[in-house]
Amino acid sequence: LIPPEAPGSSFLMEGDIVKVSPFRLFSSASPKWPKRRGTVQIPYVISYKYDRPSVKIIQEALADFAKFTCIKFIPYSYQKDFISIMPMSGCFSSVGRTGGMQVVSLAPACLKSGKGVALHELMHVVGFWHEHSRADRDKYISISWNEILTGFEINFMKSWTSNMLVNYDYSSVLHYGRYAFSMTGLPTIIPLSNPNAALGQRWNLSSSDIARVNKLYKCSQTGTES
């Protein structure tokens, strides 16, 4: 199930991505997390405000990356760059490594249906944008511009992203739902190969999601450097 993308805070773009600060232009931080001895370690802190079931769901999402890729989320121990997972208002994250502490918001509603939304936000942390935004998307989907809420068309702009390391994937955990930012309740995104095809999911990393992480960080299928 995909929570409907809807207008959010002014500091977000595409519904759940924190806008890049202008100060980022002067930062030496790389969007990618560093890799050492075949493993990419991303330190994390989970807020004490979560109950045990919520912590378990978050930890399951973190563990999936270690299971399928060379990304390993590790408990924070005073590293300079780390993510802080907390129950703020909504579900959102920055894309890639921004330097210092970066917030990943997973409100209780984000975890209601399991680990899928957490996986979506963690894919942003690792360095990926939404699937529908990739530059080659017009071969696979049609955008119904007249159905998009006025002022939110920017959420459907195209760009060259790391998502393009693999083929377009309707079932990616990063794909928008069919009715994202809809003004009338009609679809804003229509798949071209099959108008009735399901778009996206919030259950697991798709095989393409796993493949794109492994390609970006040059992991082997076992999660270590090839």
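**Disulfides, annotated histidines and surface features**

C91 is partly exposed, with a relative accessible area of 23%; here buried means under 20% relative accessible area, exposed over 50%, and partly exposed in between (1.4 Å probe, protein chains only). The model is predicted: local features need pLDDT of at least 70, side-chain atom pairs count only at pLDDT 80 or more, and totals for chains, interfaces and linings use all residues. Residues are numbered from 1 along each chain as its sequence is written, and side-chain values use heavy atoms, with hydrogens and water left out.

The partner of C91 is C110, and the S to S distance in this disulfide is 2.0 Å. A disulfide is taken as a pair of cysteine sulfur atoms within 2.5 Å. The torsion about the S-S bond of C91 and C110 is about -100°, so this disulfide is left-handed. C91 lies in strand β7 (residues 91–92) and C110 in the loop between β8 (101–106) and α2, so the pair ties together parts that are 19 residues apart in sequence. Helices (H or I, at least four residues) and strands (E, at least two) are DSSP runs, numbered from the N terminus. C110 has a relative accessibility of 4% and counts as buried.

Searching the whole structure gives 2 disulfides. Besides the pair already described, C70 is joined to C219, with an S to S distance of 1.9 Å. Its S-S torsion is about -50°, so the disulfide of C70 and C219 is left-handed. C70 sits in the loop between α1 (52–68) and β5 (71–75), while C219 is in the segment after α3, so this bond ties together parts that are 149 residues apart in sequence. Both of these cysteines, C70 and C219, are buried. When bonded cysteines are counted along the chain, the disulfides follow the pattern 1-4, 2-3.

The segment after α3 (207–216) also holds K218. K218 has a positive phi, near 55°, and is a residue other than glycine. With 62% relative accessibility, K218 counts as exposed. A positive phi of about 55° is found at F181 as well, again not a glycine. F181 belongs to the loop between β9 and β10, and with a relative accessible area of 2% it is buried.

The loop between β9 (141–143) and β10 (189–191) is also the place of M157. M157 counts as partly exposed, at 42% relative accessibility. Together with W145 and I154, M157 forms a nonpolar patch on the surface, and the three have about 310 Å² of accessible area together. Patches are made of residues with over 30% relative accessible area and no salt bridge, like charges being joined within 9 Å and nonpolar side chains (Val, Leu, Ile, Met, Phe, Trp, Tyr) within 5 Å. A salt bridge is a side-chain nitrogen of Lys or Arg within 4 Å of a carboxyl oxygen of Asp or Glu. Accessible areas come from the Shrake-Rupley method with a 1.4 Å probe, and for residues only the protein chains shown count as cover.

The last group comes from a record. In an unreviewed UniProt entry, the annotation "binding site" covers H120, H124 and H130; such annotations may be inferred rather than shown by experiment, and the positions are given in the numbering used here, with feature names shortened. H120 is in helix α2 (residues 116–126), and at 3% relative accessibility H120 counts as buried. H124 lies in helix α2 and is buried, with a relative accessible area of 0%.
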